[in-house]
Amino acid sequence: MEPRAIRNAFGKFATGVTVVTCAKDDGVPHGATVNAFTAVSLEPALCQVTLTRQSKACAYLEGAPFAVNVLSTDQVDVAWHFAGRPADPAPEWAQGPTSPVLLGNAATISCQPWRTYDGGDHLIVIGEVTGIDVSDRDPLLFFGGKFRELGQPRISAHWGASLDSPESGWFDAATTFTALPAHRDRVAS
């Protein structure tokens, strides 16, 4: 498949914008702008970031604690700074529970390393969430190759009217699931 076509298709999925931060071996803070972030599990609390193998952060994250800084709408310069266009003044740092963190985020998720997986030209890094800090700032979004902000909420029925609503147990950690039969078992029946 054509890489540009794949990027265009992936670009139709709106995401938040994060900066993954950690400390280098000498203790100096380092960060990389990443929009491939997702929640994985509530029990244990796990999240995932996916970084290109060419990223310096890949080498620094090997078995190291890190933080996912969910950027706020007023942090476009921070996103660009950690994407290779240094800002002046540089973003402000603080020491978080596990690693250096940025100031002014919509949310900060501090993690201990859990697992790392091969993801083709990327690495999939899973972190165990050990600390969170949530502000009332709106998140910065990325869609179609551009930074965006949240629009006005649509006036319609609340998601609660759906059986898939998070409030009706969608993410309930006590929920149990019946395993599906393996593919070969389904084909044989």
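**Exercise 1. Find the volume of the largest pocket, and state which residues lie closest to its centre.**

Step 1. The largest pocket has a volume of about 1,200 Å³. A pocket here is an open set of points on a 1 Å grid over the protein atoms alone, where a 1.4 Å probe fits, with protein on both sides within 12 Å along at least five of seven lines. The volume is the space filled by probe spheres set on the points.

Step 2. Lining residues have an atom within 4 Å of a point. There are 28 of them, and R7, N35, A36, H122 and F142 are the closest to the centre.

Step 3. The model is predicted: local features need pLDDT of at least 70, side-chain atom pairs count only at pLDDT 80 or more, and totals for chains, interfaces and linings use all residues. Numbering runs from 1 along each chain as its sequence is written, and side-chain values use heavy atoms, without hydrogens and water.

**Exercise 2. Determine which element gives the most to this lining.**

Step 1. Take helices (H or I, at least four residues) and strands (E, at least two) as DSSP runs, numbered from the N terminus.

Step 2. α1 (3-10), β3 (29-34), β5 (45-52), α3 (76-81) and β11 (141-143) each supply at least two residues.

Step 3. α1 leads, with 4 residues.

**Exercise 3. Decide whether T50 is buried or exposed, and list its contacts.**

Step 1. T50 sits in strand β5.

Step 2. Its relative accessibility is 17%, so T50 is buried (under 20% relative accessible area, 1.4 Å probe, protein chains only).

Step 3. Beyond neighbours within four places in sequence, T50 contacts V34, A36, H122, L123 and I124 (heavy atoms within 4.5 Å).

Terms used: Buried means under 20% relative accessible area, exposed over 50%, partly exposed in between (1.4 Å probe, protein chains only).
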